[in-house]
Amino acid sequence: MKNRFMLYFHPLSFYSQKVVLALYEKEIPFKRHYVNLLAGQQNEPWFLEINPKGKIPALKDGDKVIVESDNIIDYLESTVQSVVTLVPDESFEVGQEVSRIRKLLNCVKVEIISYGIIMHEELSITGCKLPFYVQKTMKENYGARLGTMLKLAEKNPSFRDTYLSKSQQTAQRFEQIMDIEQVMQELEDLEDILDEMETLIMSSSEGSSDYDQELWLFGSRFTAADISLIVLLNRLVMLGIDSRYFSEDRRPYLLKYHKQQLERASVGRLLKEIETIRKTIPADKCHCEKNNFKPMELLLLVILQIQIYLKM
């Protein structure tokens, strides 16, 4: 099984982190293929041949390609024998609850929150932990990505529909990200979800007589739901907004959970990989698409261009 799986991902990608954690937890060996998001490799024709949606992660198992992080985790659970069970059978109550929590955490609009914090720095409490030049590249590339999709559509007619679809999605998302009120609402909506996580962890703790025992969302059993929560909590830390959501005075059980997950071997491996990548991304490798338009001017221009393309 050593050379069975090839994972196309990037360690800084939220959804990639979920899959990498699952692979580490189940001790499944895999080959790595980094897809440089800052250079736009996810939109290049070679990657669209692998995943027509142009998104990471993507897992290749022989000739089969599985996309979407939860689908990949479920696939690994069903096809690889392991002593570790991350996705309990839904014929049991715990399996149903794990499924429910995974779906609930998937409701968090991570892209809007992440880019929203980067675009509106005043929303971060302690400051985003990404290097400045990476944040700068992300800001410049997001708006320019709209025009880039149209150029790629002209250059690669076989993927024209894919690029136009991505242009429409990006235009809609860009408008949401640039609307600070929308970003603030997503941050507010996250409060309710984390309230439920606090309640779950508290119930798990109260049901145990051993204070020092590792307790997760469903007692001592570590599941795919924990992976979803852990990656989310670490993203909040990276964005510098963690103290808003968990501290000694606010959701203390979630704070204890967060400290506990940092000691887990799989999380330590992932965080080390993230830190290595974060420190070694050279500024000159951050590819920026230049334009002379203000964000909303660019948005209106690209929407008009998309409409013209769709009528062709």
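Among contacts in the chain between residues at least 6 apart in sequence, what percentage join residues at least 24 apart? Work that out for this predicted model, then describe the make-up of the chain.

*Solution.* Start with the contacts: of those between residues at least 6 apart in sequence, 72% join residues at least 24 apart. Next, count elements, which gives 13 helices and 4 strands. Finally, look at burial: 51% of the 312 residues count as buried.

**Exercise 1: α8 against α9**

Describe how helix α8 packs on helix α9, and say what kinds of residue make the contact.

Step 1. Helix α8 covers residues 180–206 and helix α9 residues 224–239; their axes are 13 Å apart, and the packing angle is about 125°.

Step 2. Roughly perpendicular ends at 115 degrees and roughly antiparallel needs over 145, so α8 and α9 come out as oblique to each other.

Step 3. As for handedness, the two helices make a left-handed crossing.

Step 4. Now the side that touches. α8 brings Leu190, Leu194, Met197 and Ile201, and α9 answers with Leu229, Leu232 and Leu236. Sorted by type, that contact has 7 nonpolar residues, no polar and no charged.

**Exercise 2: α8 against α11, and what covers α11**

Which residues of α8 and α11 meet, and at what angle do the axes cross?

*Solution.* Step 1. Here the axes come within 8 Å, with a crossing of roughly 75°. That puts α8 roughly perpendicular to α11.

Step 1. On the α8 side you'll find Leu194, Met197, Glu198, Ile201, Met202 and Ser205; on the α11 side, Pro252, Tyr253, Leu254 and Tyr257. The tally for this contact is 8 nonpolar, 1 polar and 1 charged.

Step 2. Compare the lists. Leu194, Met197 and Ile201 turn up in the contact with α9 and again in the contact with α11.

Step 3. Which residues of α11 are buried? They are Leu254, Leu255, Tyr257, His258, Gln260 and Gln261. Their cover includes α8, α9, α10 and α12.

**Exercise 3: two aromatic pairs**

Classify the ring pairs Tyr8–Trp46 and Trp216–Tyr257, and place each partner in the fold.

*Solution.* A pair of aromatic rings is described by the distance of the centres and the angle of the planes.

Step 1. The whole structure holds 9 aromatic pairs. In one of them, Tyr8 with Trp46, the ring centres are 6.5 Å apart and the planes sit at 50°, so this pair is tilted.

Step 2. Tyr8 belongs to strand β1 and Trp46 to helix α2, so the pair ties together parts 38 residues apart in sequence. Tyr8 is buried at 8% relative accessible area, whereas Trp46, at 31%, is partly exposed.

Step 3. For Trp216 and Tyr257, the centres are 5.4 Å apart and the planes at 85°; because edge-to-face means over 60 degrees, this pair is edge-to-face.

Step 4. Trp216 is in the loop between α8 and α9, while Tyr257 is in helix α11, 41 residues apart. Trp216 is buried, at 1%, and Tyr257 is buried, also at 1%.

Definitions and conventions:
Residues are numbered from 1 along each chain as its sequence is written. This is a predicted model: local features need pLDDT of at least 70, side-chain atom pairs count only at pLDDT 80 or more; totals for chains, interfaces and linings use all residues. Side-chain values use heavy atoms; hydrogens and water are left out. Axes are lines fitted to C-alpha atoms, for helices over the stretch in contact, and angles run from 0 to 180 degrees between N-to-C directions. Angles under 35 degrees count as roughly parallel, over 145 as roughly antiparallel, 65 to 115 as roughly perpendicular and the rest as oblique. A crossing is left-handed if the near helix is turned anticlockwise from the far one by less than a right angle, and right-handed if clockwise. Contact means heavy atoms within 4.5 Å. Ala, Val, Leu, Ile, Met, Phe, Trp, Tyr, Cys and Pro count as nonpolar, Asp, Glu, Lys and Arg as charged, and the others, Gly among them, as polar. Rings of Phe, Tyr and Trp (its six-membered ring) pair if their centres lie within 6.5 Å; planes under 30 degrees apart count as stacked, over 60 as edge-to-face and the rest as tilted. Buried means under 20% relative accessible area, exposed over 50%, partly exposed in between (1.4 Å probe, protein chains only).
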